[in-house]
Amino acid sequence: MTTSARAQWTREEMLREVIALFHPGCSVNLGIGLPTMIPELMPPDLDIFIQSENGVLGVSGRPAKGEASPTLINAGKETITIRKGASFFDSALSFGMIRGGHIDFCVLGGMEVDSEGSLANWIVPGQKITGMGGAMDLVHGAKQVIVVMTHFNKSGDPKLREKCALPLTGMNCVDLVVTELGIFAPRGGKFSVKKLAPGVSIDALKLSASLLRTEESSGKFPY
Amino acid sequence: MTRHGRGKVFANAIDALTDFESGMTVMSGGFGLCGIPENSIDAIAAMPVKDLTVISNNIGNSGRGLVKLLRNRQIKNAVCSYVGGNPDLEQQMLADEVHVTLVPQGTFSERIRAAGLGIRAFYTPTGAGTMVAEGKEVRVFDKPCVLELPLHADFAIIKAQRGDVFGNLWFKEAARNFSPLMAMAAKVTVVEVEELVPMGEIPAEDVHLPGIFVQRIYQGKNYRNDIEILKEAP
């Protein structure tokens, strides 16, 4: 089966679906992986504050050649620049900002999300351990926790599950999952289908009917 | 813990760390390689101390920083949130040479802050329902929360861009990270600065950490200030 034979969003289109949820002036924390591509895709006139948990609110872009500062990095340890109105702070304040509910959106990658909104994305037993970093804190507190991930794992099974099999990053914490096939809200043992990528059928999700709630979406956020 | 009659200013790292001993717990500031206390790390790497418990977000990265202590086999216990990008630590962890305790980064920061500020324990939703909560008290408020305890240390080694002789500190850009918290949490805080200035040079409004939390300060030298991952605009 080739991907071109199947209707689905590209990675860029998935991220554009996420960006469409942002409102002017909102604050966003972006996890490592796919979400780090979001700033490049953001419309230049969308006035938002990107938070980086190492202690920056107002990440802008990349420094010009030869102008990088070793003390100006994001949580991925990459050199960055800041926008007007940016601020620096210590790590306790940074995570307080997150845990205290002051950040509007947190966008993370995922390995599994279950029907209760629990997320697994930090460890696969038997594989290399990297540590959870800030992921366990980030999923508790942001007003909307959005997971962006591929719909299927390497064995071809949906990563949207009734119950996560992998060790959890957080329990009942995910508001929205964006995959190449659609947008889903896990709640109360089911996934509400909020949107499907053009040409994608419910069957293509490979989820049992008992896991799905397919009410009509208002198309407006919050869903 | 300051030396009576001489104030807080020390000549260098070796002078400031003379009573640092094997078996001690030391906190080290820095996020990856950003804001790490380069001179104090080098001094400890050159000392015959071992069986250390090191509390630091990454325990060095990319073969640099605290990795020197790992390679010298000076570290017995490591408390951190992230070991990715640190193959030395991963390897010693798998070989059971270093006992690693992984702590979620926000809980890590808050436990250090709590130690410095007299908080005996706190409940946080972070980690509830995960491996992190195993063996800990969990109490339901609006949602399940885990009881977490403070993280104390014998020494903290931190770096600031600018500091005065009282220990008032000013950090550059995002180099602040865990450093002011660690300064508050340790019995003896040893600060190295790129610029040691007289009192009054840092305007009171711009002091990021009041000098009351600092016991020893010295003018550092030969800073590398490594960039870990250089990303530039196309």
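## A three-strand sheet in chain B

Let's start with an open sheet in chain B of this predicted model. The sheet has 3 strands, and reading across it gives the order 6-8-7, with antiparallel pairing. Strand 6 (122-124) and strand 7 (138-140) of chain B sit at the edges, and each has a single partner strand, so one side of each is left without a neighbour in the sheet. On average, neighbouring strands here are turned by 40 degrees against each other, if you ignore direction.

Now zoom in on one pair. Strand 7 of chain B and strand 8 (residues 144-148) of chain B run antiparallel and are joined by 3 bridges.

## Parallel pairs in chain B

Strand 12 of chain B pairs in the parallel sense with strand 1 (residues 9-10) of chain B, over 2 bridges. It also pairs with strand 11 (residues 186-197) of chain B, again in the parallel sense, this time over 4 bridges.

Which residues stand opposite B:Tyr218? B:Phe10 is one of them, and B:Glu192 is another.

## A sheet in chain A

Chain A has an open sheet of 3 strands too, in the order 7-6-9, and its pairing is mixed. The edge strands are strand 7 (119-120) and strand 9 (160-161) of chain A, and each of them pairs on one side only.

Strand 6 (residues 112-114) of chain A and strand 7 of chain A run antiparallel, with 2 bridges joining them. Look for A:Val113 here: its bridge partner in strand 7 of chain A is A:Leu119.

## Where the two chains meet

How many residues does each chain bring to the contact? Chain B brings 45 residues and chain A brings 42 residues. On the chain B side, the elements giving two or more residues are helix 5 (105-117) and helix 6 (179-185) of chain B. Helix 5 of chain B gives the most, with 6 residues.

Technical notes: Residues numbered from 1 in each chain as written. Chains lettered and ligands numbered in written order. Predicted model: local features only at pLDDT ≥ 70, side-chain atom pairs only at ≥ 80, totals over all residues. Contact = placed C-beta atoms within 7 Å. Pairing = 2+ DSSP bridges. Axes fitted to C-alpha atoms, helices over the stretch in contact; angles between N-to-C directions.
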